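Biologist: I have a structure on my screen and want to learn how to read it. Could you take me through some of its features?

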Amino acid sequence: MNMPIICLAGPTAAGKSATTLALARRWPIEIIVVDSATIYRGMDIGTAKPSSEEQAAVPHHLLNIRDPAESYSAAEFQADASKLIDAIRARGNIPLLCGGTMLYYKALREGLNELPVADPGVRADIDNEARECGWPELHRQLAVYDPITAARLAPNDSQRLQRAIEIYRISGRPMSEWLAQARPQRRFEHDFVTISLEPSDRLALHARIERRYQQMISNGLVQEVEILHERPDLHTGLPSVRCVGYRQLWDFLDGKIDMQTAVEQAVAATRQLAKRQLTWLRSQPERYVIDCLAPDASAQAVQRFSAFRPTDATASS
């Protein structure tokens, strides 16, 4: 009987990468990366992408699969991850889902509503309007025809606002109405178990987030964003540019804010991201929590993971 699919989840800066390497030293693991930022080529420092050494030590899937000018949906992740799970198991290895994009976990585990396919032309029109009048004004307009969706979105949540407005303009039906429809059955039926790295002290995680971002700056993050900024086909309407830590430096390079403000805003946005990730994780009743601040967090994850292995007969040497 197959072991369940293990999801190693946690907020940003929780130490997921170090834990996956600890697991890979003991078992024949292949990692399916659950991250909407590390999919982009040329975005390495600000996404905390696994190093070349880490990628050489254990196979990583769904890294560098898109150019920053392209998009990638939760539905595409659902399809790709499902195929990878079967392929990895067919090789006699263990698939491990690891990352912090909770919508991707939700798509794979629960399925997705059938929503209208994205329309690049409609999105471009929405982005142009946002540049002229601002996202808060588009949020106000959304509240007129889709008050349910508008109530759960922040006025500056550009990515989600764009999608909600796009759906209405394509279909003539509000997004909330689409989401109220029954979710289709999943084509792949797996048992999922979540090992969740969560902080016992949120302020300590906040400090870790700030240190990590400052280290990213020292490692050349500004120069990485400059290369992207010079491309005429990239703009703030794209999901890649809107990634936390990138959008703020983009505004700095556009001359809208100074460097100190950019860093402060990036750290604040990353903390907000961690808060949303933790909120989602705490809604998962079947998760096993490990304090990510504990010095033996990786060892605890190894112990927990071993409980789901039928035997260690297939463990790597």
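**Reading helices, rings and loops**

Modeller: Asp119 caps the N-terminal end of helix α5, with a side-chain oxygen 2.9 Å from the backbone nitrogen of Gly121. Keep in mind that this is a predicted model.

Biologist: Which residues of α5 are buried?

Modeller: Start with the general idea. An α-helix has 3.6 residues a turn, so residues three or four places apart point the same way. Now the case here. The buried residues of α5 are Val122, Arg123, Ile126, Asp127 and Ala130. They cover an arc of only 135 degrees around the axis, which puts them on the same side of α5.

Biologist: What covers those buried residues?

Modeller: The cover includes α6 (135-145) and α8 (158-171). Look just after α5 too: Gly134 takes a positive phi of about 95 degrees.

Biologist: Which residues are buried in helix α4?

Modeller: Helix α4 runs over residues 102-110. Its buried residues are Met102, Tyr104, Tyr105, Ala107, Leu108 and Arg109. They pack against the strands β1 (5-9), β2, β4 (94-99) and β5 (192-198), and against the helices α3 and α13 (259-281). After α4 comes Gly111, with a positive phi near 85 degrees.

Biologist: Let us turn to rings. How many aromatic pairs does the structure hold?

Modeller: It holds six aromatic pairs. One of them is Trp27 with Phe305, a tilted pair, 4.8 Å centre to centre with 45 degrees between the planes. This pair links distant parts of the chain, 278 residues apart. Trp27 is in the loop between α1 (16-24) and β2 (29-34), and Phe305 is in helix α14 (residues 297-306).

Biologist: Are Trp27 and Phe305 buried or exposed?

Modeller: The cut-off for buried is under 20% relative accessible area. Trp27 has 1% relative accessibility, so it counts as buried. Phe305 has 0%, so it counts as buried as well.

Biologist: Why is the pair of Tyr145 and Tyr168 called stacked?

Modeller: Here is the idea. A pair of aromatic rings is described by the distance of the centres and the angle of the planes. Planes under 30 degrees apart count as stacked. For Tyr145 and Tyr168 the planes are at 15 degrees and the centres 4.0 Å apart, so the pair is stacked. Tyr145 is in helix α6 and Tyr168 in helix α8, 23 residues apart. Tyr145 is partly exposed, with a relative accessible area of 24%. Tyr168 is at 28%, so it counts as partly exposed.

Biologist: Which residues form an aromatic cluster?

Modeller: Tyr72, Phe77 and Tyr104 form one. Tyr104 is also among the buried residues of α4. A ring can have a charge over it as well: the charged end of Arg173 sits over the ring of Trp178, 4.2 Å from its centre.

Biologist: What does Trp250 touch?

Modeller: Begin with its place: Trp250 is in helix α12. At 5% relative accessibility, it counts as buried. Leaving out residues up to four places away in sequence, Trp250 touches Val225, Leu228, His229, Leu234, His235, Thr236 and Val241. Asp251 lies in α12 too, which covers residues 247-253. It is at 14% relative accessibility, so it counts as buried. Beyond its neighbours within four places, Asp251 is in contact with Lys256 and Ile257.

Biologist: Now the loops. Where are Ala13 and Leu62 found?

Modeller: Ala13 is in the loop between β1 and α1. Its phi is positive, about 70 degrees, although it is not a glycine. Leu62 is in the loop between β3 and α3. Its phi is positive too, about 75 degrees, and it is not a glycine either. Ala13 counts as buried at 8% relative accessibility, and Leu62 is buried with a relative accessible area of 10%.

Biologist: What does the side chain of Asp67 reach?

Modeller: It reaches the backbone nitrogen of Ala69, at 2.9 Å. Asp67 is in the loop between β3 (60-61) and α3 (74-90). Leaving aside neighbours within four places in sequence, Asp67 is in contact with Tyr40, Arg41 and Arg231.

Methods. Residues are numbered from 1 along each chain as its sequence is written. This is a predicted model: local features need pLDDT of at least 70, side-chain atom pairs count only at pLDDT 80 or more; totals for chains, interfaces and linings use all residues. Side-chain values use heavy atoms; hydrogens and water are left out. Buried means under 20% relative accessible area, exposed over 50%, partly exposed in between (1.4 Å probe, protein chains only). Helices (H or I, at least four residues) and strands (E, at least two) are DSSP runs, numbered from the N terminus. The arc is that of the directions from the helix axis to the C-beta atoms. Contact means heavy atoms within 4.5 Å. A polar contact is a pair of N or O atoms within 3.5 Å; within protein, one must be able to donate a hydrogen and the other to accept it, and residues adjacent in sequence count only if both atoms are side-chain atoms. Rings of Phe, Tyr and Trp (its six-membered ring) pair if their centres lie within 6.5 Å; planes under 30 degrees apart count as stacked, over 60 as edge-to-face and the rest as tilted. A charge sits over a ring if NZ of Lys or CZ of Arg is within 6 Å of the ring centre and within 35 degrees of the ring normal.
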